[in-house]
Amino acid sequence: MNNQENQLSDMLEVYICTKLSEPEINTRRYRKGMTVNDLKNKLEMITGRSAGTMILSAYDKDKLVAKLDDDDSQLGSYPVENGMFLLVDDPAYETSDQDAIDGYKMTEEEYNAKQETLKSFLKNNKLGKYNPEYLKQREQENLEKEQQENMEKEQIDKMEVGQRCCIRLPNKPAQYGTVMYKGRLDDKSGYWVGVKYDEPYGKHDGSLNGKQYFETLPKYGSFVTPSAVEIGDFPVLDDEL
């Protein structure tokens, strides 16, 4: 694996949200080696939440995976995987664009006249898109994302459906299986490899969000990033001794 591949494998691609029902459309990429405190400082510019009082939680869709509660720990020390949601919460933050309190609903005129809306808060405090560094950060993230997708495309082009493989994921033992699919997935960015495991360590039967990409038994199928796949002449595991 060359230096560029190592750099990309050291990144996590996640969705940022302040509500699980309203994640960002595009993912953002962060180094696994960065501390939770450094991540909070970056997210402060994006969300307007204060890094000092921010609470971060990782979700796999609506399932809580971990609370990132140690500012000095590295992001990669938590079981966060590509495609998960990072929920940004801040008990001290009060969204001033709330339009209904105790049954009272503001009129549009009252809302527009209210000075402390989320937009004015971000603008006055130079947060989010009003931060001069925000666009630079987004441009860098988009560049890194493009580089990652180009690398992933090169990696899957070297694979063939039916090849044996070893899957190496962070904080998990190596698993063996067969390549069943390679390419893009609906509603997910980047390129993915569909794998049929030798043992029931997968998440599904080759389908995702109602679409069947390949067929296998339940709990034997999974989609992983190309960087996690090692192609080789690995024998099929046999439970019989």
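Where do K153 and D157 both lie, and how many residues apart are they? Here are some notes on the salt bridges, starting with that pair.

1. K153 and D157 sit in helix α5 (residues 132-157), 4 residues apart, or about one turn of the helix. Helices here are DSSP runs of H or I with at least four residues, strands are runs of E with at least two, and both are numbered from the N terminus.

2. Before going further, please keep in mind that this is a predicted model, where local features need pLDDT of at least 70 and side-chain atom pairs count only at pLDDT 80 or more, while totals for chains, interfaces and linings use all residues. Residues are numbered from 1 along each chain as its sequence is written, and side-chain values use heavy atoms, leaving out hydrogens and water.

3. Searching the whole structure gives 9 salt bridges (a side-chain nitrogen of Lys or Arg within 4 Å of a carboxyl oxygen of Asp or Glu). One of them joins K153 to D157, with 3.0 Å between the closest N and O atoms.

4. K40 and D71 also form a salt bridge, at 2.9 Å from N to O. This pair links distant parts of the chain, 31 residues apart: K40 is in helix α2 (residues 36-47), and D71 is in the loop between β4 (63-67) and β5 (85-89). K40 is buried at 6% relative accessible area, whereas D71 is partly exposed at 30% (buried is under 20%, exposed over 50%, partly exposed in between, with a 1.4 Å probe and protein chains only).

5. In the salt bridge between R164 and D198, the closest N and O atoms are 2.7 Å apart. R164 counts as buried at 13% relative accessibility, and D198 counts as buried at 17%.
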